[in-house]
Amino acid sequence: MFERDKEIIIIGAGLSGLTAARVLKSAGRKVKIIEASDGIGGRVRTDEIDGYLLDRGFQVLLTAYPEAKRFLDYKSLNLRSFLPGAMILNEKGCSEIGDPLRNPSLLFKTITSPAGTFADKMRMMSLKLKLSATSIDKIFNKSETTTIAYLHHLGFSQKIIDQFFKPFMSGIFLENQLHTSSRMFEYVFKLFSEDDTAVPARGMGMIPKQLAQVLEDDEIILNEKVVHIDGTNVITNSGRAYEADQVLIATEATHMPMPFHRPAAPKNSVTNIYFTADKAPFTKPFIALNAIPNQLVNNVAVMNQISPYYAPEDKALISVSIIRDVNGLRSAELISKVMAELQQWFPDCISWKHLKTYYIPYALPKDEHVENDIAAAALKLRDNVFICGDHLLNGSINAAMRSGRLAAEAILSL
């Protein structure tokens with residue numbers, strides 16, 4: 001027996017689905033979201049363990065994202081920002097590099113940083129200025145190559161590619177060969193340069209919570225997985241069935257219900273390990289990048305140095321991201337290898353305590369070809385069944401929210 005009390009069923013309570021729900025509700029439409037997991041947010045969630053806030057995978061919000069500015073109240077999120085730069089970790093120790101136009105205090109350290117030549121830094125500044133004058137639409141209308149080919153074409157030395165671009169962009173793209181589209185590189189480099197890189201003071205999970213504020217309790221069903229769509233009838237794994245005027249699939253590309261399931265959708269994975277310590281390994285609100293090739297650790301961030309709410313008072317919360325395949329390693333072996341690498345720069349890490357490890361098989365779609373727009377017809381799978389998600393555009397918070405908005409607008413246009 002079908003339950004029919006809502007006009008639109010949204011499958012998935014990630015950022016795409018929540019944004020779509022927000023747009024639809026603002027237009028006076030009735031919605032019901034059915035979510036397979038025990039909470040909202042999809043890949044953007046925050047757990048609280050022993051007073052620590054653990055984002056499920058190291059994530060940041062680029063405050064220049066157009067859709068984020070459109071839908072989010074930054075003041076209520078109480079955003080806390082990273083410094084516009086990075087700490088470079090290599091065989092010689094630690095150095096800093098940054099954007100002196102946004103933070104003049106980084107000028108001397110950037111110029112003297114061994115991460116690249118003076119010419120590299122001038123090219124980087126030139127690229128920043130060029131992209132600031134280039135619209136997002138123009139970036140996504142350019143021809144594509146790989147990011148690594150693009151950097152070589154611009155004349156950057158192998159040194160700065162290895163010491164900065166590879167570790168920095170690998171942590172964003174979640175692949176270490178820089179095969180990601182040059183469009184995606186220009187897009188994120190532009191946004192990193194124009195505004196803050198931040199996290200909500202109480203974790204990235206505050207973003208979906210804010211989006212969901214427009215929803216009533218009975219408009220979200222948790223722990224119920226949609227397994228099949230028959231026309232506009234939606235059937236879940238518990239045997240419950242719902243009927244609606246329209247259905248919007250807002251799941252990951254690999255979790256779409258039948259008959260639309262695509263288990264082989266290309267994706268990038270990540271492993272995120274959290275440690276606690278009595279003392280922070282570094283105190284500046286930087287992301288630390290491991291520039292030594294063929295190591296496990298990609299980046300390190302001390303989250304309570306970004307926002308003190310991430311850890312109890314007088315404690316440190318250290319996030320370590322790994323983008324290499326570590327599925328074959330036992331937990332103790334993985335922790336041991338990570339510690340051995342980190343001891344090069346942080347000898348006190350032997351006293352850190354392992355808190356939790358997240359392995360995220362689908363962290364991002366592969367972005368070898370990316371878009372920033374999609375025709376309404378491409379959002380329609382069949383009569384009254386629609387789709388949204390960052391996999392349709394590019395792997396980003398902005399694309400997730402944008403696709404949700406565009407799908408909602410396509411439904412409203414019927």
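Ground rule before the strands: I call two strands paired if DSSP finds at least two bridges between them. Helices (H or I, at least four residues) and strands (E, at least two) are DSSP runs, numbered from the N terminus. I am working on a predicted model, where local features need pLDDT of at least 70, side-chain atom pairs count only at pLDDT 80 or more, and totals for chains, interfaces and linings use all residues. Residues are numbered from 1 along each chain as its sequence is written, and side-chain values use heavy atoms, with hydrogens and water left out.

I checked β6 against strand β10 (residues 197-200) and found antiparallel pairing over two bridges. Leu61 has Ala198 as its bridge partner in β10. The open sheet here has three strands in the order β6-β10-β7, paired antiparallel. β6 (61-62) and β7 (79-81) are at the edges with a single partner strand each, so one side of each has no neighbour in the sheet.

**Around β18.** Next I looked up strand β18 (residues 297-302). Six of its six residues are buried, so the strand is largely enclosed by the rest of the structure; buried means under 20% relative accessible area, with a 1.4 Å probe and protein chains only. Strand β17 (residues 287-290) runs antiparallel to β18, joined by three bridges, and Leu289 has Asn299 as its bridge partner in β18. Six residues lie between the strands of this hairpin, and Asn294 takes a positive phi near 65 degrees there. β18 also pairs with strand β19 (residues 316-322), antiparallel over five bridges; I noted Val320 in β19 as the bridge partner of Val300.

**Helix pair.** How do α8 and α9 cross? The axes of α8 (residues 158-173) and α9 (residues 182-194) come within 12 Å and cross at roughly 100 degrees. Axes are lines fitted to C-alpha atoms, for helices over the stretch in contact, with angles from 0 to 180 degrees between N-to-C directions. That makes α8 roughly perpendicular to α9, a label for 65 to 115 degrees. I get 10 nonpolar residues, no polar and no charged.

**Whole chain.** I count 13 helices and 22 strands in the protein chain. Buried residues make up 57% of the 414 residues. The C-alpha atoms fill a box of roughly 70 × 45 × 40 Å along the principal axes.

Notes. Angles under 35 degrees count as roughly parallel, over 145 as roughly antiparallel, 65 to 115 as roughly perpendicular and the rest as oblique. Ala, Val, Leu, Ile, Met, Phe, Trp, Tyr, Cys and Pro count as nonpolar, Asp, Glu, Lys and Arg as charged, and the others, Gly among them, as polar. Buried means under 20% relative accessible area, exposed over 50%, partly exposed in between (1.4 Å probe, protein chains only).
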